[in-house]
Amino acid sequence: MTLVKRITVALAGTPNVGKSTVFNLLTGLRQYTANWPGKTVEIKEGIKEFNGYEIKFVDLPGTYSLTAYSYDEVIARRFIVDGRPDVVVQVIDASTLKKDLYLTLQLLELTDKLIVVLNMMDIAKMKGMEINVAKLSKILGVPVIPMIAVKGIGVEDLLKKIIEVVEGRVRLKPLRISYGEKVEPLVEKLRGAVHKNIIEGYSTRWLLIKLLEGDKEAVEILKKSPEYNDVISLYNEILKTNPNIGVVIASLRHKMIDTICKLSVRQPKELRTLSERVDRIVLHKVIGLPILVGVFSTAFFAVFTVGEFLSDIVSSLFSLVVDTLVGSYLAEITDPLARSLTMDGVLPAFDVIVSFIPMITMFLLVYAVMEDSGYMARATVIMDKYMHLLGLHGKAFLSVLMGFGCNVPGIMATRGLEHHRDRLIAILVNPLVPCAARLGVMVFIVNLFFEPFRATLVMVWLIVLSLLLVALTGALLDKVIVKREFTELIIELPEYHIPSIKNIALLTWVRVKAFVKRACTLIFASVILIWFLYTFPTYEVETSFGAQLGRSLEPLGKLMGLDWKAIVSLIFGLLAKEQVLAAMSVIYRVEEESLGEVLKSVWSPLQALTFLTVLMVYQPCVATIAVIRKETNSWKWTLLSTVYTLSLALILGILTYNIGSLFLR
Amino acid sequence: MYNVIPLALMKPGQEGVVVRVEGGFGVVRRLAELGLVPGAKVRVESSYWGPVVVWVSGFRIAIGRGLARRVWVRVD
């Protein structure tokens, strides 16, 4: 029996180079999203067996550079340094070679075992570029593999080369970059302050160059060195005479890239690509917006209308299966606890999850198509100015839009945000975007209490209030969370691609799997918890722990003119906001059809308005809480979000009731 | 005869050479990493209320208008 040799290969690359296609091609279905503690970035890992090796591929986040500018860059860099992969593979889009070589130069400074994959060779050829692969490989001093990933060409070559590099059968002479007379003396000067290798695992030269580039993490790493003070005071001295040293280094790298390209690429004068012509229309100042509205209406329809349709089918199938397979067993359960647990706890919990999955799948599908095709970047450009009115980043647009349907996909849609901080803000404001479930309850109650004209005003007010809260919360978080240096938009407009079905399907599959695994267990547990609250100790809602809680909160409710019954319904609403109506009919002991009449007899219009205000503002549902936990990977932020929305709801409820009393009495 | 104007004021289709980029350390370096360095050739693709789309060394990026006001370009 031969022993399987395990190796790790990191897959690096700038965004939009087809890296995920290469990753999918290599690992197929044997991939999963890795749970890196404390990270909000999705990192995929996958396994490939080849020639007696078990190769673990780690798909690093797409980055343009390896300076600690964004969270993604820090993660990619740390993995290359601390994860000690056996080989680093950089995927390059051959048709935009120049852009990608910037990352190559930085990878060469960080690792000796680099393989460059020139993907999209066909598109480069179509653009009229002739790339001398052998020459490029010789200059860089590392293997270069041409590839057309969408057609599967070049994958075998890459795998073979990885093994050759691991076994030391390839001579690697990585390009050593010299920064010339302006920078090298400064590096030497800094090196003079250092006696030995300052930090284990890091090359001293690399750390010093990063320091000159003003890299904040490099400073953090250097702090561990006993020579830190000497190095930093020397660095500050250098900065006084060379304030632009970071830009000088970047410029020098670009000059080097120009030289590399001159030697290895023959290129006719830049042609106008099809994408550029398409963008004249898509980004047009007049027709750009209607196109965007069209695209996103379709997306919204696909996720929520089609999603709900599928949910209904799946839900009926689920109850059919339950009835036929286990129905007879269920009927035999006589123990009241076991019966209640299965009928009112476990089965509804499964039902909630089962009906969520089709919608989440549709959303992830639409999301993958938007990202893969390149349209997302255009939408960001068009929406940026409007989103800034809400205090959010242009890339948060999809998240807010989806939030109107359901906050769960809304929160998942924040994945496109590059900075941890921007993403956190987008996640935390999303629960305040009124979802369809809340809007449904709102329409029902508003129409009971107000005649049509006033009803419209009230609904507009509630929606405007929600959006105001989104904007205010965004602005508040922007102040509170440590600011990064700038917030302005910088985004690449990639060439348009027709998304590959296989790629999209794989991407969606892996993400749905991760959602089921991480979020659904939490949703399940929460539903059971709420069942417990309303069942124990007496099997009667009115005397349950939940009702006792509601009663004990009545003094708080009085401040907003709400009795314990209203409060209990609101607690029930955490299950899912549309459940509020069902909960009320249980508590008021009426059929759902006649609930309206009863409510009209017990509430004044002002109480109804107050109830709705609270309903709109507090945490949407347990699924939202679960997905916040999954996406932030932090209980702290999950708890904070819940406490924040609850307090906000309370304050606004009190304000609405008391200010309203002045006018409506 | 050369004029140096901010990127934000260039018209769609207009070309030029970057002369200087103003702003904080991080943002200047970020733009530099994407190829927007002094000496780089640029062409404005679209520019109206909102971000400016600019072609630079073989690909296109969109940058916020405020930022585009601080990128100075020499045009004919």
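Biologist: In this predicted model, which residue of β5(B) is the bridge partner of L493(A)?

Modeller: The partner is R60(B). L493(A) belongs to strand β10 of chain A, residues 490–493.

Biologist: Which elements make up the side of chain B that touches chain A?

Modeller: Elements giving two or more residues are α1 (25–33), β3 (41–47), β5 (59–63) and α2 (65–68) of chain B. The most comes from α1(B), with eight residues. In total, 30 residues of chain B are in contact with 31 residues of chain A. The side of chain B divides into 16 nonpolar, nine polar and five charged residues.

Biologist: Why are α11(A) and α1(B) called roughly parallel?

Modeller: Their axes cross at roughly 5° and come within 9 Å. Angles under 35 degrees count as roughly parallel, and α11(A) and α1(B) are therefore given that name.

Biologist: Which residues make that contact?

Modeller: From α11(A), residues 245–264, they are G246(A), V247(A), A250(A) and S251(A). From α1(B) they are F25(B), V28(B), R29(B), A32(B) and E33(B). By class, the contact has five nonpolar, two polar and two charged residues.

Biologist: Within chain A, why are α13(A) and α14(A) called roughly antiparallel?

Modeller: Helix α13 (residues 288–332) and helix α14 (residues 336–373) of chain A cross at roughly 150°, with axes that come within 8 Å. The cut-off for roughly antiparallel is over 145 degrees, so α13(A) and α14(A) take that label. The crossing of the two helices is right-handed. Residues in the contact of α13(A) with α14(A) comprise 18 nonpolar, five polar and two charged.

Biologist: Back to chain B: how many helices and strands does it have, and in what pattern?

Modeller: Chain B has two helices and six strands, and along the sequence they follow β-β-α-β-β-β-α-β.

Biologist: How do you know that chain B is as compact as a globular protein of that length?

Modeller: For 76 residues the globule rule gives 11 Å, and the radius of gyration of chain B is 11 Å, close to that value, so chain B is as compact as a globular protein of that length. Along its principal axes, the C-alpha trace of chain B spans about 30 × 25 × 25 Å.

Definitions and conventions. Residues are numbered from 1 along each chain as its sequence is written. Chains are lettered from A and ligands numbered from 1 in the order in which they are written. This is a predicted model: local features need pLDDT of at least 70, side-chain atom pairs count only at pLDDT 80 or more; totals for chains, interfaces and linings use all residues. Axes are lines fitted to C-alpha atoms, for helices over the stretch in contact, and angles run from 0 to 180 degrees between N-to-C directions. Helices (H or I, at least four residues) and strands (E, at least two) are DSSP runs, numbered from the N terminus. Angles under 35 degrees count as roughly parallel, over 145 as roughly antiparallel, 65 to 115 as roughly perpendicular and the rest as oblique. A crossing is left-handed if the near helix is turned anticlockwise from the far one by less than a right angle, and right-handed if clockwise. Ala, Val, Leu, Ile, Met, Phe, Trp, Tyr, Cys and Pro count as nonpolar, Asp, Glu, Lys and Arg as charged, and the others, Gly among them, as polar. Two residues are in contact if their C-beta atoms, placed from the backbone, lie within 7 Å. Two strands pair if DSSP finds at least two bridges between them. The radius of gyration is taken over C-alpha atoms; the globule rule is 2.2 Å times the number of residues to the power 0.38.
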